[in-house]
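Morning, everyone. Please have a look at the model first.

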Amino acid sequence: MAPLLQRLFSLFGAHSWIGGDDIIVRRYAPRPPNWPQDLKLRIAMLSDFHFSEPWIGLQALDGIVEKTNALEPDIILLVGDFDDGPHFSRPVPRDDWARGLARLKASLGVHAVLGNHDYPRLIEKRHRFLTEPGAKAALEKVGIPVHINDAIPLIWNGKNFWLAGLGDQCTEFEDGTPLADLDGTLGKVTDDGPIILMAHEPDIFPKVPNRVALTLSGHVHRGQIRFFGFAPVVPSRYGRRYLHGHIVENTRHLIVGAGLGHSGLPLRFDAAPEILLIELGGQA
């Protein structure tokens with residue numbers, strides 16, 4: 001019954017059970033003014049897995065990994081929300097999905113940040129950083145580093161750049177202090193190399209300085225359920241301002257992916273799950 005319903009849903013632009021054929025590859029070639037055009041970098045970005053059965057489980061993950069590796073990216077960035085699937089679902093054991101993600105391959109490796117659903121929800125829809133999140137432990141166990149308010153230098157084709165990962169913006173420490181620390185994160189950059197910033201929620205973007213070449217986010221799922229191109233519910237204080245795609249404000253560049261899984265209802269309508277391929281540098 002599930003495959004029949006899946007085909008029926010797909011006829012109307014809806015996605016519930018996620019399979020390899022449902023996932024599109026969306027390509028961007030931004031030209032941030034502070035990214036060297038002689039530094040070519042192919043980034044595959046994945047976000048918002050919300051691993052759960054039967055909606056997006058290990059079989060779907062196999063297809064995601066296969067499609068991503070076929071793009072031959074130089075680096076793979078996982079932009080949060082591994083845990084906490086939709087209603088009417090069964091969680092996929094973390095060790096199982098982490099082993100699946102460990103099959104992603106890129107010369108500069110696979111790197112991750114966490115999202116709001118990777119932390120325990122307590123009161124008033126806030127999340128608290130009480131102990132090391134299970135998603136972080138699972139990813140690091142298979143060799144995928146998780147960057148929380150951190151920045152690391154990387155060298156590619158003889159040139160250096162920085163990869164920064166912001167702590168989740170919906171999450172607090174136990175004393176109520178916000179986890180996300182943009183100034184502290186960027187303060188770990190020690191030279192003038194260009195910066196790529198991973199931030200699960202795009203809401204930080206108005207505060208991101210011009211020093212950052214490109215910000216990458218997920219979280220809003222392109223609205224997840226849209227009617228005639230309109231998203232009635234968007235989990236952002238800015239509404240639909242950062243709903244999806246390549247956004248330029250002044251000279252600052254942001255790319256927001258639609259993600260892969262579901263939050264709340266196990267349904268995507270006119271918001272297909274996607275893998276992003278972002279090509280920096282090398283344009284004429």
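How many bridges join strand S3 to strand S5? There are 4, between residues 41–46 of S3 and residues 75–79 of S5, and the two strands run parallel. One example: Ala44 has Ile76 of S5 as its bridge partner. Strands here are DSSP runs of E, at least two residues, and helices are runs of H or I, at least four, numbered from the N terminus. Two strands pair if DSSP finds at least two bridges between them.

Some ground rules. This is a predicted model: local features need pLDDT of at least 70, side-chain atom pairs count only at pLDDT 80 or more, and totals for chains, interfaces and linings use all residues. Residues are numbered from 1 along each chain as its sequence is written, and side-chain values use heavy atoms, leaving out hydrogens and water.

Now the whole sheet. It is open, with 5 strands in the order S2-S17-S3-S5-S7 and mixed pairing. S2 (24–28) and S7 (110–113) are the edge strands, each with a single partner strand, so one side of each has no neighbour in the sheet.

On to the helices. H3 (residues 94–101) packs with H4 (residues 134–141) at about 45 degrees, axes 9 Å apart. Axes are lines fitted to C-alpha atoms over the stretch in contact, and angles run from 0 to 180 degrees between N-to-C directions. Contact means heavy atoms within 4.5 Å. H3 contributes Arg94, Asp95, Trp97, Ala98 and Leu101, and H4 contributes Gly134, Ala135, Ala138, Leu139 and Lys141.
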